[in-house]
Amino acid sequence: MTKILDFTKEINIEEMKEAADAIRNGELVIFPTETVYGIGADATNSKAVDEIFVQKGRANDNPLIVHISDFDNLDNIIEKPSLIEQRLMDAFMPGPFTLILKKKSIIPNNVSANLDTVGIRMPDNIIAHDLIKLSKCPIAAPSANLSGKPSGTRVCDIFNEFNNKVSYIIDGGETKVGVESTVVKVIDDIPTILRPGAITPEDIINVVGTCKISDNIFKKATGVVESPGMKYKHYAPNTECLLVYSNDINKLEDLVKENSNKDTIIIGCNELKNKFRDIEYLSYGNFNDYEEISHNIFRLLREVDKHNKKKVVIMGVKKEGLGIAIMNRLIRSASYNYIER
């Protein structure tokens with residue numbers, strides 16, 4: 001039976017030790033990070049890692065991210081980073097940032113989808129930090145959701161999906177960022193974003209002077225991928241999704257009206273809510289407040305199915321800064337069903 005640990009007000013160190021012992025014993029634990037909730041196992045235990053794939057229904061060619069609490073013992077996990085890789089780690093760890101690095105044999109191949117690289121991340125969340133530290137092992141952890149579904153930003157959204165499938169669920173309240181970490185690989189000395197997140201291209205340029213964005217950010221990748229979130233349908237409710245966008249808010253309103261009816265629910269901005277009084281409307285925040293939209297979007301995607309509508313029309317945002325990450329997630333949630341005007 002899954003045990004819920006309520007750390008929303010304070011951490012109970014004895015209960016945290018219980019969860020850490022479970023990780024060390026090859027069991028699964030769901031825990032919060034600053035981005036989304038993760039479902040974690042000892043990254044050095046291939047059998048425990050296999051169980052992550054089973055319980056999520058995740059394809060085994062979709063690599064996992066390895067979470068660390070600090071840089072101690074990192075040499076046991078990865079090969080020596082380059083100067084640029086080290087600068088990126090120094091700048092963005094801890095934080096919502098994952099770096100693809102050459103792995104050592106202590107990390108089993110099922111973590112890395114048989115690649116010789118692995119994503120390394122150091123969460124900026126005290127619960128995640130303490131769990132990893134007390135576990136005395138790196139933790140492999142994808143987002144805590146059934147594969148294809150929106151990532152979990154609150155325990156109440158994911159409890160039914162994982163009750164009796166994991167040993168512990170640690171409730172740390174609603175996550176801060178709301179979308180998964182930025183994933184970067186340094187290719188020919190140029191940091192390349194494989195999955196966008198809260199660390200933006202501008203942030204990376206400010207540190208090392210250059211940055212590229214993978215061509216697969218807004219299209220479906222095929223073949224071998226080095227980052228999660230690139231290949232498979234993801235972040236999606238069961239309801240049919242349509243994503244629409246215009247930089248002109250009046251044109252955006254027209255696009256939504258053209259594609260909406262009484263069997264539709266809308267996810268959109270505060271500014272247009274009163275324009276759709278006869279259609280169910282979920283507001284994700286102000287049109288240009290990307291931090292608020294990022295924080296709310298997965299929760300709203302999960303809420304959609306409760307309304308039993310035939311279609312959800314989602315208003316997109318400009319592909320800049322954090323908006324790149326938001327649109328990356330929304331395009332995939334809509335299975336590339338996208339209109340821009």
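Cys-241 counts as buried because its relative accessibility is 5%, where buried means under 20% relative accessible area, exposed means over 50%, and partly exposed covers what lies in between, as found with a 1.4 Å probe on protein chains only. The structure is a predicted model, in which local features need pLDDT of at least 70 and side-chain atom pairs count only at pLDDT 80 or more, while totals for chains, interfaces and linings use all residues. Residues are numbered from 1 along each chain as its sequence is written, and side-chain values use heavy atoms, with hydrogens and water left out.

**Cysteines**

How many disulfides does a search of the whole structure find? The search finds 0 disulfides, a disulfide being a pair of cysteine sulfur atoms within 2.5 Å. Cys-241 is in no disulfide, and the nearest cysteine sulfur, which belongs to Cys-269, is 18 Å away. For Cys-156, the closest cysteine sulfur is that of Cys-241, and the 20 Å between them is too far for a bond. Cys-156 is exposed, with a relative accessible area of 55%, whereas Cys-241 is buried.

**Salt bridges**

Side chains of opposite charge can pair when their charged atoms come close. A salt bridge is counted here when a side-chain nitrogen of Lys or Arg lies within 4 Å of a carboxyl oxygen of Asp or Glu, and the whole structure holds 16 of them.

| Pair | Closest N and O atoms |
|---|---|
| Glu-18 and Lys-3 | 3.1 Å |
| Glu-14 and Lys-17 | 3.8 Å |
| Arg-121 and Glu-34 | 2.9 Å |

Glu-18 forms its salt bridge with Lys-3, and because Glu-18 lies in helix H1 (residues 13–24) and Lys-3 in strand E1 (residues 3–6), the pair ties together parts that are 15 residues apart in sequence. Helices (H or I, at least four residues) and strands (E, at least two) are DSSP runs, numbered from the N terminus. Glu-18 is partly exposed at 29% relative accessibility, and Lys-3 is partly exposed at 34%.

Glu-14 and Lys-17 both belong to helix H1, where they stand 3 residues apart, about one turn of the helix. Lys-17 is partly exposed, with a relative accessible area of 36%.

Arg-121 is buried at a relative accessible area of 2%, and Glu-34 is buried at 5%. Elsewhere, salt bridges that share partners join Asp-70, Asp-72 and Lys-133 into one network.

**Helix H9**

Helix H9 (residues 322–333) has 12 residues and should span 16 Å at 1.5 Å a residue, which agrees with the 17 Å between its end C-alpha atoms; the expected span is 1.5 Å times one less than the number of residues. Because 12 of its 12 residues are buried, H9 is largely enclosed by the rest of the structure, and the buried residues include Met-327, Arg-329 and Arg-332. Just after H9, Ser-335 takes a positive phi of about 50°.

**Ser-283**

Ser-283 lies in strand E14 (residues 280–285). Leaving aside neighbours within four places in sequence, Ser-283 is in contact, meaning heavy atoms within 4.5 Å, with Gly-268, Cys-269, Asn-270 and Leu-300. A polar atom of the Ser-283 side chain also lies 3.4 Å from the backbone nitrogen of Gly-285.

Conventions. A polar contact is a pair of N or O atoms within 3.5 Å; within protein, one must be able to donate a hydrogen and the other to accept it, and residues adjacent in sequence count only if both atoms are side-chain atoms.
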